[in-house]
Structure formats: structure tokens, C-alpha cells
Amino acid sequence: MTDARPALPYADVRTSLRDGTVLLFRGTGLFSRLIQAKGRAPYSHAALLAWWGHRLMVVESREGAGVRAIPLSTVLEEGHDVEAWDVVGLSPLGDERRVAVGEAISWLSTRYGWRTILRIVAARCMAPLAWIRPIGALRRAWSRPLRDHRGLPTSGLICSELVARAWDAAGVSLVPDILDFDDATIEPGDLSRSTRLKPLGRLVL
């Protein structure tokens, strides 16, 4: 089957990619498949682009590594299926992009949110029995990420929450129907349905 997504050769588009561009990944492993099924979308991972001097970096929260920065060229060399999505409706000065990238960078070294993932899986397993009041209440409780009194995550960050939090700090709500980070976990599929994101194409070497 022909891939209908426009291909964006890295060498041709590198200099036109902007700070804060959202990357959505299509994984093929078991863990990726579970995330795709839960999010009702083909995406299993999310990240942000950030220019560091002359280097174009990917800021992401990756299982086994936590929040880190890695060159985009390295990500593509590893063979990942990566799509670039630009944020629309921003001010001409680009202040939001600067703030979003700064916020993402501030989370570097934060551990990956495995506890959040386990809570999502548990809540998913409870779904068929959610009509039983105690189980429904427990499922709602387990659907919420763990937070401290300041609203900061105590269970680490998953990839899509890092992206959403970065842009939220810039005053841009990518998923406005999820109004409070305490009420739900934002997943890659949620980002792909955002009206503030415009797909650019699939990045290729």
C-alpha cells in the first residue's frame, strides 16, 4: 500500500523546521501497539523539536531514559517513523515557541512516567466492569496521574504530557478538551486530533 503522507527529506527541510514543532512517532513494537490501541490513533510516541545553536534536537520522554535531548538526525538514523506537526495560530514574534522549548528543557532528566503508564493500563482493564460503582470509582481514580500539592508529576512524565505541558506553559492548549492535567492523561493520539497542530509530513533521510 502506498504511503499517502508527504515525505520530507531531512536535508531539504532541516533549516525550515521551527522550535516547538511536535513530532509524532508510529512504533511497531508491542508497547507501541498498546499505546496506539488505547489512544485510538496510529501514534505511540511524541516529542518536541528544539534548536540548540546549530543542532536540531529532539526533546522527549523516553522509556528507559526519561526526559532527554537527542539530535534529530540520530533519531532518523535509528529508523523511526516520525511525522512533523507544526503549531498554528501563534504570534508572529514566536515568543510562544521560545517559552515552550524552555519549558521542555526544564524537565530534562525527569524520569519516565512508568507509574502513569501502569495506571492507564489498569484503568483500561477495569473498563468492562466500570458499571459496578466501586470499580468505576477506582477506575476514575487510577485514570488520573499522580501529582503533588503544586500539580507537578510525582510519577514521572510520559512523552505526550511533556509536549502538552511545554506548550501549555506558553499559553497554547494543544488539547483544550482536557482542561486539567489532574483530570486525565494526555496521549499521543490526543495530540494528533488537536486543532492547533497541522501535519507537515513524514521525515526521512
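**A loop residue, a helix and a strand**

Guide: S109 is found in the loop between α4 (95–106) and α5 (114–126), where helices (H or I, at least four residues) and strands (E, at least two) are DSSP runs, numbered from the N terminus. This is a predicted model, in which local features need pLDDT of at least 70, side-chain atom pairs count only at pLDDT 80 or more, and totals for chains, interfaces and linings use all residues. Residues are numbered from 1 along each chain as its sequence is written, and side-chain values use heavy atoms, with hydrogens and water left out.

Visitor: Why is S109 called exposed?

Guide: S109 has a relative accessible area of 70%, and exposed means over 50%, buried under 20% and partly exposed in between (1.4 Å probe, protein chains only); therefore S109 counts as exposed.

Visitor: How do you know that the buried residues of α4 line one face of the helix?

Guide: The buried residues of α4 are E96, R97, A100, V101 and A104. Seen down the helix axis, they fall within an arc of 130 degrees, so they line one face; the arc is that of the directions from the axis to the C-beta atoms. On the other side of α4, R98 and S106 are exposed.

Visitor: What makes β6 largely enclosed by the rest of the structure?

Guide: Six of the six residues of β6 are buried, so the strand is largely enclosed. V82, A84 and D86 point one way from β6, while E83, W85 and V87 point the other way.
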